[in-house]
Amino acid sequence: MISFLFKKNIKFSLTKTHKAKSIQHFFKNVFTKSEGKKEGNVVGTLSFKLAKLIDERNIIGIEGKINNKIVAYIFLTKLSFKEDCLVYLLAPVAVDNKMQNKGIGKKIIKFGIRYLKQHKVDILMTYGDPSYYSKIGFKKTKVSIIPAPYKLSQPIGWLINKLSSKKINKFKSKPNCVRPFRNKKLW
């Protein structure tokens, strides 16, 4: 019953750049608790840089709140290919450690997918755990089919979610990513 109440009371919305510090703090705390201080600092810094550049075109930030407190957050960032295909990257993703395993992560990602479909996005990529993201429609792909911006340390985590009916062929170009992701250590 409590899990149902949590799901029911969540409000999802796009965010603005003036929330960059609170977004950084949220990501740093979540990742420090689950992955350690080093990862917390890396993802916290990345999320701050992304949040400062939110423009709802190249970088989209979506928060999930319960009683005015952030419990989930995702970024959707544009990957620019030469091919005629609108592609975004889902990363990073965070759910408050106390709120995990209640379906909140899936709900916020589905909210983001609906938003992207409304804006005629063809493909959503992510770089993460295939067993988790496969539950939300992502499928494994190869960098030889859809290249990543940089060499991946874990190629098995390169995942695709096709959002439109557009036929997708093998991409020949390598994508440009938004500035905060232009660091090969993140990949």
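This is a predicted model: local features need pLDDT of at least 70, side-chain atom pairs count only at pLDDT 80 or more; totals for chains, interfaces and linings use all residues.
Seven strands form an open sheet in the order 1-2-3-4-5-7-6, and the pairing is mixed. Strand 1, residues 11-14, and strand 6, residues 139-140, are at the edges; each has a single partner strand, so one side of each has no neighbour in the sheet. Helix 4, residues 104-118, packs on this sheet. That helix touches strand 1, strand 2, strand 3, strand 4, strand 5 and strand 7, and its direction makes about 40 degrees with that of strand 3.

Within the sheet, look at strand 3, residues 69-79, and strand 4, residues 87-95. These two run antiparallel and are joined by seven bridges. To find one of them on screen, go to lysine 78, whose bridge partner in strand 4 is tyrosine 88.

Next, the cores. The largest nonpolar core has 34 residues, and the members touching the most others are Phe27, Phe75, Met125, Trp158 and Phe181. At least two residues of this core come from each of helix 2, helix 3, strand 3, strand 4, strand 5 and strand 7. Which of these gives the most? Helix 2 does, with six residues. Apart from this core lies another, of 27 residues, including Ile60, Tyr88, Leu90 and Ile104.

Now helix 3, residues 37-52. With 16 residues at 1.5 Å a residue, helix 3 should span 22 Å, and its end C-alpha atoms are 22 Å apart, so the two agree. Its buried residues are Gly40, Val43, Gly44, Leu46, Ser47, Leu50 and Ala51. They cover an arc of only 165 degrees around the axis, which means they sit on the same side of helix 3. The general point is that an α-helix has 3.6 residues a turn, so residues three or four places apart point the same way. Helix 2, strand 2, strand 3 and strand 4 are among the elements covering that buried side. On the face turned away from it, Lys37 and Lys38 are exposed.

Last, asparagine 161, which lies in strand 7. Is this residue buried or exposed? Its relative accessibility is 8%, and the cut-off for buried is under 20%, so asparagine 161 counts as buried. Leaving out residues up to four places away in sequence, asparagine 161 touches Ile113, Asp122, Ile123, Leu124, Ile136, Gly137 and Phe138. Serine 134 is 27 residues away along the chain, and its C-alpha atom is 9.1 Å from that of asparagine 161.

Definitions and conventions
Residues are numbered from 1 along each chain as its sequence is written. Side-chain values use heavy atoms; hydrogens and water are left out. Two strands pair if DSSP finds at least two bridges between them. Helices (H or I, at least four residues) and strands (E, at least two) are DSSP runs, numbered from the N terminus. Contact means heavy atoms within 4.5 Å. Axes are lines fitted to C-alpha atoms, for helices over the stretch in contact, and angles run from 0 to 180 degrees between N-to-C directions. A nonpolar core is a set of buried Ala, Val, Leu, Ile, Met, Phe, Trp, Tyr and Cys residues joined through side-chain atoms within 4.5 Å. Buried means under 20% relative accessible area, exposed over 50%, partly exposed in between (1.4 Å probe, protein chains only). The expected span of a helix is 1.5 Å times one less than its number of residues. The arc is that of the directions from the helix axis to the C-beta atoms.
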